[in-house]
Amino acid sequence: MEGGNSPNLQLQQLPLATAAVSVQPHTDSFSYKENLIGALLAIFGHLVISIALNLQKYSHIRLAGSKDPRAYFKTKTWWCGLFLLVLGELGVFSSYAFAPLSLIVPLSAVSVIASAIIGIIFIKEKWKPKDFLRRYVLSFVGCGLAIVGTYLLITFGPNSHEKMTGENITRHLVSWPFLLYMLVEIIVFCLLLYFYKEKNANYIVVILLLVALLGSMTVVTVKAVAGMIVVSIQGNLQLDYPIFYIMLVCMIATAIYQATFLAQASQLYDSSQIASIGYILSTTAAITAGATFYLDFTGEDVLHICMFALGCLIAFLGVFLITRNRKKSVPFEPYISMDAMPGMQNMHDKGIAVQPDLKASFSYGALENNDNMPEIYTPATLPIVQEQHGSKGVSAPPYRVLEHSKKDETCFWKLPDKGLQGPSSTIQGR
């Protein structure tokens, strides 16, 4: 009886094993849906952020070009931009809870594409079709490359999904790959900060590397905080874990210092250089941090990794071409110090610097004149001869200075008319 029952038991267990195997494709399809949801949220957020920033910029420009005495925060356009900015940031923040970190970070190229398209649509100058294409050919090529790179990133992005619980985040935090990565990052950050602060190495790569290293920690903590909030909303409360508040504090601190270094970079370099170089460095550092902390590429085959890297390179090239076409802002200088002009004569007897002549300049304070420069700066000379007392028969020059006695300290200027001297023809002065 026992031998006859054993085949029946094996036959009954076979469908159960088959059903267990069929669960894996369903899980993979669900993870791809999560990737798509996260990517769409990130794209939506970056688009809305780009529109919001352009709206606020338009509000400032409109107030500056009009006689409206209102402040910018009293206009509807600025508040609309602020609302869209908060909405976009919420979209990007929530996208980290659905898709892997290495997939969400490169999608910030969407904001660069949107800014380029908005700038072309709302341009005020009128161009001929030939000049328009010649001027914006790099922008069109860059937008196309960035779109192709974004498609490759979404298609071949990492597919690793893990619930952001307090236990999982703590386990990743104390893992030896991340500890080794953190040690290397801290050493590099301290060296860059030393050269930047002590050696005055104000190179754009140095400043943006500091921003990128801080930004990699920002996105790691953002994903942890957003993931734990989503898990808590789903019913498994995670807000009572201390790791949640540690990640929250680290997220706020790194974001503040990151904004500080970005503000310093914007004072020294052009915004187009900061956008292109900062995007490349920040994306590379964030992908490395995500692959080390969250193990995004674990289990991925070589083809998917290579195609994902190709998508990143194409997106990098597209962003570089888009920002390459932007005009560099020329700062307006109302005057130039005379001390900075070697060989120029000083027009003041006390050595105070004055504005030099600027050819073809219409700025305020320029000494614009069509006359000859030597004639302007050459002082007029008069033949002055000192008259000697007691000398006779010497022809007097048109203008003559008479010696004055030290006692009286009154000088007499002799006028050439008829050689008259006396109270009516002399000018006394001290």
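1. Start in the loop. Leu-107 touches Ala-39, Ala-42, Ile-43, His-46, Thr-150 and Ile-154, leaving aside residues up to four places away in sequence. Contact here means heavy atoms within 4.5 Å. Leu-107 sits in the loop between helix H4 (101-104) and helix H5 (109-121). Leu-107 has a relative accessible area of 0%, so this residue is buried. Buried means under 20% relative accessible area, exposed over 50%, and partly exposed in between (1.4 Å probe, protein chains only). Leu-107 and Leu-40 are 67 residues apart in sequence, and their C-alpha atoms are 9.7 Å apart in space.

2. A word on the basis. This is a predicted model, in which local features need pLDDT of at least 70 and side-chain atom pairs count only at pLDDT 80 or more, while totals for chains, interfaces and linings use all residues. Residues are numbered from 1 along each chain as its sequence is written, and side-chain values use heavy atoms, with hydrogens and water left out.

3. The overall picture. The chain has 13 helices and four strands. Helices (H or I, at least four residues) and strands (E, at least two) are DSSP runs, numbered from the N terminus. Of the 430 residues in the chain, 34% are buried. Among contacts with a separation of 6 or more, 68% are between residues 24 or more positions apart.

4. Ser-139 is found in helix H6 (residues 129-155). Its relative accessibility is 5%, so Ser-139 counts as buried. Ser-139 and Ile-113 are 26 residues apart in sequence and 8.8 Å apart in space, C-alpha to C-alpha.

5. How do H8 and H11 run relative to each other, parallel or antiparallel? The axes of helix H8 (residues 176-197) and helix H11 (residues 271-293) come within 8 Å and cross at roughly 150 degrees. H8 and H11 are therefore roughly antiparallel. Axes are lines fitted to C-alpha atoms, for helices over the stretch in contact, and angles run from 0 to 180 degrees between N-to-C directions. Under 35 degrees counts as roughly parallel, over 145 as roughly antiparallel, 65 to 115 as roughly perpendicular, and the rest as oblique.

6. Which residues make this contact? From H8 come Pro-177, Phe-178 and Tyr-181; from H11 come Ala-285, Thr-288, Ala-289, Thr-292 and Phe-293. Six of the residues in the contact of H8 with H11 are nonpolar, two are polar and none is charged. Ala, Val, Leu, Ile, Met, Phe, Trp, Tyr, Cys and Pro count as nonpolar, Asp, Glu, Lys and Arg as charged, and the others, Gly among them, as polar.

7. Now the rings. The count comes to nine aromatic pairs. Rings of Phe, Tyr and Trp (its six-membered ring) pair if their centres lie within 6.5 Å; planes under 30 degrees apart count as stacked, over 60 as edge-to-face and the rest as tilted. Tyr-194 and Phe-195 have ring centres 5.6 Å apart and planes at 70 degrees, so this pair is edge-to-face. Tyr-194 is partly exposed at 40%, and Phe-195 is partly exposed at 42%.

8. Another pair spans two helices. The rings of Tyr-196 and Phe-261 are edge-to-face, because their centres are 6.1 Å apart and their planes at 65 degrees. Tyr-196 lies in helix H8 and Phe-261 in helix H10 (residues 242-268), so the pair ties together parts 65 residues apart in sequence. Both Tyr-196 and Phe-261 are buried. Elsewhere, ring pairs link Phe-178, Tyr-181, Phe-293 and Tyr-294 into a cluster.
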